[in-house]
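Hello,

Here is the structure we talked about. Please open it alongside this email, and read the notes below with it on screen.

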Amino acid sequence: MTDIPKGPESYFPSIEKKYGRPIEEWKALIRSSELTKHMELVNWLKTDHEVGHGHANALVAHILSESGAE
């Protein structure tokens, strides 16, 4: 039985499909940013990388939860 992703991870397949970049690449990009606050990162992804709000929010929430920064 395959585990169905929950939370931000549930967006990952559609993010990869829509933007043509693997999630690991998005993670590296976000980690390389000097920004640290959730909404700063979301707005940066939206304006500089043309990522939709929901997808940007999911990526940032996942990264920040991994680092314990949320």
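**Lys27 and its surroundings**

Setting aside neighbours within four places in sequence, Lys27 is in contact with His62, Ile63 and Glu66. Please keep in mind that this is a predicted model. Lys27 sits in helix 2. Is Lys27 buried or exposed? Its relative accessibility is 9%, so Lys27 counts as buried; the cut-off for that is under 20%. The side chains of Lys27 and His62 are joined by a polar contact of 3.3 Å.

**Helix 2 against helix 4**

From helix 2, the residues Ile23, Trp26, Lys27, Ile30 and Arg31 take part. They meet Leu59, Val60, His62, Ile63 and Glu66 in helix 4. Sorted by class, this contact of helix 2 with helix 4 has 6 nonpolar, 1 polar and 3 charged residues.

Now the geometry. Two packed helices are described by the angle between their axes and the distance between the axes. For helix 2 and helix 4, the axes come within 10 Å and cross at roughly 70°. That makes helix 2 roughly perpendicular to helix 4, since angles of 65 to 115 degrees count that way. The crossing of helix 2 past helix 4 is right-handed.

**Helix 2 against helix 3**

Helix 2 covers residues 23-32, and helix 3 covers residues 38-49. Their axes come within 11 Å and cross at roughly 115°. Helix 2 and helix 3 are therefore roughly perpendicular to each other. Helix 2 passes helix 3 in a right-handed crossing.

Which residues meet here? On the helix 2 side they are Trp26, Leu29 and Ile30. On the helix 3 side they are Leu41, Trp44, Leu45 and His49. By class, the contact of helix 2 with helix 3 has 6 nonpolar, 1 polar and no charged residues.

Ser32 is in helix 2. Its relative accessibility is 56%, so Ser32 counts as exposed. A polar atom of the Ser32 side chain lies 2.7 Å from the backbone oxygen of Leu29.

Ser33 lies in the loop between helix 2 and helix 3. At 17% relative accessibility, Ser33 counts as buried. A polar atom of the Ser33 side chain lies 3.0 Å from the backbone nitrogen of Leu35. Leaving aside neighbours within four places in sequence, Ser33 is in contact with Leu41 and Trp44.

**Ile15 in helix 1**

Helix 1 runs over residues 12-19, and Ile15 is found there. Ile15 has 0% relative accessibility, so it counts as buried. What does Ile15 touch beyond its neighbours within four places in sequence? The contacts are Gly20, Ile23, Trp26, His55 and Leu59. Of these, Ile23, Trp26 and Leu59 also belong to the contact of helix 2 with helix 4. Ile15 and Ala28 are 13 residues apart in sequence. Their C-alpha atoms are 15 Å apart in space.

**One backbone angle to check**

Last, please look at Glu50. Glu50 lies in the loop between helix 3 and helix 4 (53-67). Glu50 has a positive phi of about 55°, although it is not a glycine. At 69% relative accessibility, Glu50 counts as exposed.

Best wishes

Definitions and conventions. Residues are numbered from 1 along each chain as its sequence is written. This is a predicted model: local features need pLDDT of at least 70, side-chain atom pairs count only at pLDDT 80 or more; totals for chains, interfaces and linings use all residues. Side-chain values use heavy atoms; hydrogens and water are left out. Axes are lines fitted to C-alpha atoms, for helices over the stretch in contact, and angles run from 0 to 180 degrees between N-to-C directions. Helices (H or I, at least four residues) and strands (E, at least two) are DSSP runs, numbered from the N terminus. Angles under 35 degrees count as roughly parallel, over 145 as roughly antiparallel, 65 to 115 as roughly perpendicular and the rest as oblique. A crossing is left-handed if the near helix is turned anticlockwise from the far one by less than a right angle, and right-handed if clockwise. Contact means heavy atoms within 4.5 Å. Ala, Val, Leu, Ile, Met, Phe, Trp, Tyr, Cys and Pro count as nonpolar, Asp, Glu, Lys and Arg as charged, and the others, Gly among them, as polar. Buried means under 20% relative accessible area, exposed over 50%, partly exposed in between (1.4 Å probe, protein chains only). A polar contact is a pair of N or O atoms within 3.5 Å; within protein, one must be able to donate a hydrogen and the other to accept it, and residues adjacent in sequence count only if both atoms are side-chain atoms.
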